There are 2 protein chains.
Amino acid sequence: MAYKLYYWDGIPGRGEFVRLVLEETGADYVDIAREPDRQGRGTTAMLKLLKDGDGATIPFAPPFLKDGDLLISHVANILFYLGPKLGLAPEEEDLRFVANGLQLTITDFVAEIHDTHHPIGVSLYYEDQKPEASRRSSDFLSERLPKFLGYFERVLRQNPKGAGHIVGGRLSYVDLSLFQLVEGLRYAFPKAMRSYEENIPGVIALHDAVAERPNIRNYLASDRRLSFNEAGIFRHYPELDRAS
Amino acid sequence: MAYKLYYWDGIPGRGEFVRLVLEETGADYVDIAREPDRQGRGTTAMLKLLKDGDGATIPFAPPFLKDGDLLISHVANILFYLGPKLGLAPEEEDLRFVANGLQLTITDFVAEIHDTHHPIGVSLYYEDQKPEASRRSSDFLSERLPKFLGYFERVLRQNPKGAGHIVGGRLSYVDLSLFQLVEGLRYAFPKAMRSYEENIPGVIALHDAVAERPNIRNYLASDRRLSFNEAGIFRHYPELDRAS
């Protein structure tokens, strides 16, 4: 039975970290909210499920994944569940917890990236919090971006199985998420990334290797791959960007 | 061999969600950073480990747990690992992913609670971001606190095994984390909680039941239990609090 992915239509957002895993492995899946509104599909079906008064496992927010009767929320949790089934998790059980820790570090980083344009509240528009966004972005680019990316570079270099992957000796879902991080940051903060990337050659080489994988290349060229835009997590507001 | 917990001394913070699990189950553990600085203990030892140039699994930040050679970062990941070993996870594997999704919702909520007093940057003092903190807290109390707590109340009520636990039919680590959430929110936002708690009778009943458990009661009365204060996640700044 096909996996059902539930995420907002029109933005790559957090759903994209899950899509990359499904696409790389050629898994059978339906991107529910991007389908027409009928037969349990479409955004209407997703919102209905979130309001379900009987469901025992209603999630707080998209993305979530349905596998048969099981409903799983949160990117890191979905990937922890899918990874071993789809061959994108380390084989050693111990390393799976290391992978999950790295994925949760990416989760934290993504939340901070989101808050560069929404430091006051998700219920407000960016236009209602521009001075605060400017201050937060400045702190983000000088302190947080180097700290997070520098950390991933260091973990790559210290991987005893080689710097080709962030954990273990073969491709994992965390590698795919790092690819997406670099893509999103290049879109949102092109000036900062141009000046900073020379400090993280390992992360950039990993990004490039993922982009060259046949299934990923086909996916990126397809219309299933959504473009970044100013409704998502990675937003390009030139006034928030500067050399890092 | 005893578990080694690594977390900043002097604040309950994120480490407390792990401590509650270790205390409830009477697990053998050492709270490394709260020990004197010698023989691999103390804050010095924790900082040394974070800078380790050889370690394959260096975490980004505390808390982390060491079990033998395995180093595990992030509260939700640590609890996902410890839960089944200590009998505080659901027995059914599917429900373990539901528990993890709920714990990650708590993680998101805790990050938003932290950002009420640090909306601009963790590298700045609260005093350097007071106007922004005031605006963010106002949004938090009117929008986010009711949304998150209302969600947990709904999940409790819809639990097919009964509203005594948030997931499954017996105590899990998620119940203990919800107890800590209520404790922290009462400390940080007493006015808001006094006016809002009548909307979440199930969550409050769960909190009270956890507080009455013998091991938890002993722990809360011991000097191992740290007090909330204005260096942690849950901070009481009266100017940020108001009836919700």
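**Exercise 1. Salt bridges in the whole structure**

Task: State how many salt bridges a search of the whole structure finds over all chains, and work through one of them.

Solution. Over all chains, the search of the whole structure finds 36 salt bridges. A salt bridge here is a side-chain nitrogen of Lys or Arg within 4 Å of a carboxyl oxygen of Asp or Glu. The model is a predicted one, in which local features need pLDDT of at least 70, side-chain atom pairs count only at pLDDT 80 or more, and totals for chains, interfaces and linings use all residues. Residues are numbered from 1 along each chain as its sequence is written, chains are lettered from A and ligands numbered from 1 in the order in which they are written, and side-chain values use heavy atoms, with hydrogens and water left out.

Step 1. Take Glu16(A) and Arg19(A), which form a salt bridge with the closest N and O atoms 2.8 Å apart.

Step 2. Helices (H or I, at least four residues) and strands (E, at least two) are DSSP runs, numbered from the N terminus.

**Exercise 2. The sheet of chain B**

Task: Give the strand order of the sheet in chain B, and explain why E2 and E4 each have one side without a neighbour.

Solution. Step 1. The order in chain B is E2-E1-E3-E4, an open sheet of four strands with mixed pairing. Two strands pair if DSSP finds at least two bridges between them.

Step 1. Strand E2 (29–31) and strand E4 (70–73) of chain B are at the edges with a single partner strand each, so one side of each has no neighbour in the sheet. From one strand to the next, the twist averages 20 degrees.

Step 2. Go through two pairings. Strand E1 (residues 3–6) and strand E3 (residues 64–67) of chain B pair in the antiparallel sense over three bridges, and Tyr6(B) has Phe64(B) as its bridge partner in E3(B). E3(B) and E4(B) also run antiparallel, joined by four bridges; here Phe64(B) stands opposite Ser73(B).

Step 3. Look at the hairpin of E3(B) and E4(B). Two residues lie between its strands, and Gly68(B) takes a positive phi near 65 degrees.

Step 4. Helix H3 (residues 75–86) of chain B lies across E1, E3 and E4 of chain B, at about 125 degrees to E4(B). Such axes are lines fitted to C-alpha atoms, for helices over the stretch in contact (heavy atoms within 4.5 Å). The angles run from 0 to 180 degrees between N-to-C directions.

**Exercise 3. The sheet of chain A**

Solution. Step 1. In chain A, four strands form an open, mixed sheet in the order E2-E1-E3-E4.

Step 1. Tyr6(A) is opposite Phe64(A) in E3(A).

**Exercise 4. Backbone exceptions**

Solution. Step 1. Most residues other than glycine have a negative phi, and most peptide bonds are trans.

Step 1. Pro63(A) sits in the loop between H2 and E3 of chain A. In chain B, the bond from Pro62(B) to Pro63(B) is cis, with omega near 0 degrees.

**Exercise 5. The interface**

Task: Describe the contact between chain A and chain B by residues and area.

Solution. Step 1. Chain A gives 50 residues to the contact and chain B gives 50 residues.

Step 1. About 4300 Å² is buried between chain A and chain B, with 57% from carbon and sulfur atoms. Buried area is the accessible area (1.4 Å probe) that two parts lose on being put together, summed over both. In chain A, Phe60(A), Phe97(A) and Arg135(A) lose the most area to chain B, together 17% of what that side buries.

Step 2. Four salt bridges cross the interface. Asp115(B) forms a salt bridge with Arg136(A), with the closest N and O atoms 3.6 Å apart.
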